[in-house]
Amino acid sequence: MGGMPLNDMPWWRWRSNVRSALHMISDPVFQQECWLAGVPGFGDVTDAVYRLVEDTWLDNWSAEKYVGTIFRDSQEAALVDVAVLRVLKILHQVGADAPVSTYLEHHAWPEAIRAAREAHVKLATADGDDVDAPPRSLDVLAIYTRTA
């Protein structure tokens, strides 16, 4: 999130949280090396899902509602909607407190990764960021979203 400033969007802090979650969910290497290994500072899969839907209520309505505030256009919103639905379906099947390995071993997890990757690439590209950079820690996310 170091390219184009995210704060050109009215609700850029929410965008930052959604992007961070999508980035982590879309990166299987990160999931193995950080989540599964229990590396501190990155939260876990449940935390990522929470950031994806917490303030936005994307578990209750379409991302289309946020075009012009969190998302730049309907294409971003549509990709986010697909990712949210894939991830939430798994969450509801395995439970919010399931260990990371349960998510990663779920038969639908590869499709959730693909959907999150498509959304991540679209949003990161629009923000001028390197789509293949590793996800940043939650401490770095907090610095990005800190108010002056």
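Predicted model: local features only at pLDDT ≥ 70, side-chain atom pairs only at ≥ 80, totals over all residues.
Ser26 is placed in the loop between α1 and α2, where its side chain reaches the backbone oxygen of His23 at a distance of 2.9 Å.

When its neighbours within four places in sequence are left aside, Ser26 is in contact with Gln31, Ile113, Ala116, Arg117 and His120. For orientation, α2 covers residues 28–36 and α6 covers residues 109–126.

## The chain as a whole

The chain is built from 7 helices and 0 strands, and from the N terminus on its elements follow the order α-α-α-α-α-α-α. Its radius of gyration is 14 Å, close to the 15 Å that the globule rule gives for 148 residues, so the chain is as compact as a globular protein of that length. Along its principal axes, the C-alpha trace spans about 40 × 30 × 25 Å.

Of the 148 residues in the chain, 45% are buried, while the accessible surface comes to about 7300 Å², with 56% of this area belonging to carbon and sulfur atoms. Among contacts between residues at least 6 apart in sequence, 68% join residues that are at least 24 apart.

## Helix α3 and its partners

The buried residues of α3 are Val45, Ala48, Val49, Arg51, Leu52 and Val53, and they pack against α1, α2, α4, α5, α6 and α7. An α-helix has 3.6 residues a turn, so residues three or four places apart point the same way.

At the start of α3, a side-chain oxygen of Asp44 reaches to within 3.1 Å of the backbone nitrogen of Thr46.

## Aromatic rings

The count of aromatic pairs comes to 7. One of them is formed by Trp14 and Tyr66, whose rings lie 6.3 Å apart from centre to centre with 90 degrees between their planes, an arrangement that is edge-to-face. This pair links distant parts of the chain, since Trp14 belongs to helix α1 (residues 12–25), whereas Tyr66 lies in the loop between α3 (45–53) and α4 (74–94), 52 residues apart.

Together with Trp11, the residues Trp14 and Tyr66 form one aromatic cluster.

## The loop between α3 and α4

The loop that holds Tyr66 is also the place of Trp57, a residue that has a positive phi of about 60 degrees although it is not a glycine. Trp57 is partly exposed, and its relative accessible area is 45%.

A further ring, that of Trp61, has the charged end of Lys65 sitting over it, at 4.3 Å from the ring centre.

Technical notes
Residues numbered from 1 in each chain as written. Heavy atoms only, no water. Phe/Tyr/Trp six-rings, centres within 6.5 Å; stacked < 30°, edge-to-face > 60°. Helix = DSSP H or I, 4+ residues; strand = E, 2+ residues; numbered from the N terminus. Lys NZ or Arg CZ within 6 Å of the ring centre and 35° of its normal. Rg over C-alpha atoms; globule rule 2.2 N^0.38 Å. Buried < 20%, exposed > 50% of the residue type's maximum accessible area, 1.4 Å probe, protein only. Contact = heavy atoms within 4.5 Å. Areas by Shrake-Rupley, 256 points an atom, 1.4 Å probe, with all protein chains shown as cover. Polar contact = N/O pair within 3.5 Å; in protein donor to acceptor, adjacent residues only side chain to side chain.
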